[in-house]
Amino acid sequence: MTFLPFYGINVSENSTYEGDDMNKIKLIYEGKAKKVYETDDPTLAIFEYKDSLTAFNAQKKDTMQGKGRFTNLISATFLKLLQDKGIPTHFVKLIDDNHQLVKRLKIIPLEVVVRNTSTGSLCKRLGVEEGLDLVPPLVEFYLKNDELGDPLVTEDHIRAFCFASKPQVEKMKELSLKVNDILSKYLYERGIKLVDFKLEFGTDEEGNIYVADEISPDTCRFWDLSSKERLDKDRFRKDLGNVLEAYEEIWRRIGQPKAAIQKHYEARLFIYLKEGVLDTQGKTVLSSLHSLNYPEVQDVRVGKYLKITLNSPSHQEAEFKVKKMCEDLLVNDLIEEYAFELEEI
């Protein structure tokens, strides 16, 4: 039995929550990825995560045993993280591997999508290339309506048809960007790029707004920082295979302490004198080459070659560290320049 502790969530392969009993009273709603049940408390509901996979508005379907467990555990971890950072969410507690207890809310009929990198429908709709960094992040609203295919709507549409009030729209946008900041930093530290994600929101009886639904590989795009490998539902959409393994990899990285997630890199450094700085060794070698009938050689700069191996959670972090090493210790920046190659090993 392996426990993966994080943010107060202790989960084993067959875990249950030790606390007040909460019973399923009646099925309220069944969606593509989960079932929602009434409980003994009218202010609370139980989410049951299913093993189903859907894409393209449920035109593509499959079932994968264990998928519901990973989406439940991943979403619970993210929602608990956000709560700890001051973001109001509907999450109450994890019940077991496939169930969590949540606040019952009135769902606002809008989906908020935050995009950090161009991909998916954005590229198809606007004809832009994939992989462009979007600074600042792009925030879009979509109407929650499966029959219409969840169409993109503007804030003018939202106001004209009363899908949400202006203060609600402003609050959803504010919370979405805060969620993006928190999750982007958290995932970057674990070698994952948060490409884009979808959020839903709901209100309680007092009108307070909460992040609702789920945050998981079903609702986000995650790319490995170094390899750009997809670690989300795009593996199912694009028939890339290893769908469950991708979900498991996300859970592995967020279910362990940050320090335990390391990759190994080799940096090959080349340090040489700047142009204009006298290189006596280089001049000697150049003269020797010319005497041996190599007139095509125009200049020689003699330098140093170093090979460094290091641990890092991501390629970008390793690159940053190697540059810092060069600037702090290895290179005299008054007279020397450097270049390096970095490779995961």
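The exercises below work through a predicted model of one protein chain.

Residues are numbered from 1 along each chain as its sequence is written. Local features need pLDDT of at least 70 and side-chain atom pairs pLDDT 80 or more, while totals for chains, interfaces and linings use all residues, and side-chain values use heavy atoms, without hydrogens and water.

**Exercise 1.** State how confident the predictor is in the chain, and where pLDDT stays under 50.

Solution. pLDDT is the predictor's confidence in each residue, from 0 to 100. Its mean over the protein chain is 89, and 92% of the residues reach 70 or more. Over residues 1-19 pLDDT stays under 50. For that stretch the model has 44 contacts (heavy atoms within 4.5 Å) beyond four places in sequence.

**Exercise 2.** Compare the radius of gyration of the chain with that of a compact globule of 345 residues.

Solution. The radius is taken over C-alpha atoms, and the globule rule is 2.2 Å times the number of residues to the power 0.38. The rule gives a value near 20 Å, but the chain has 26 Å. The C-alpha trace spans about 90 × 50 × 35 Å along its principal axes.

**Exercise 3.** Describe how helices α1 and α4 pack.

Solution. Helices are DSSP runs (H or I, at least four residues), numbered from the N terminus. Helix α1 covers residues 67-84 and helix α4 residues 166-188. Their axes, lines fitted to C-alpha atoms over the stretch in contact, with angles from 0 to 180 degrees between N-to-C directions, come within 11 Å and cross at roughly 120°. From α1, T77, F78, L81 and L82 meet V179, I182, L183, Y186 and L187 of α4. Eight of these contact residues are nonpolar (Ala, Val, Leu, Ile, Met, Phe, Trp, Tyr, Cys or Pro), one is polar and none is charged.

Conventions
Helices (H or I, at least four residues) and strands (E, at least two) are DSSP runs, numbered from the N terminus.
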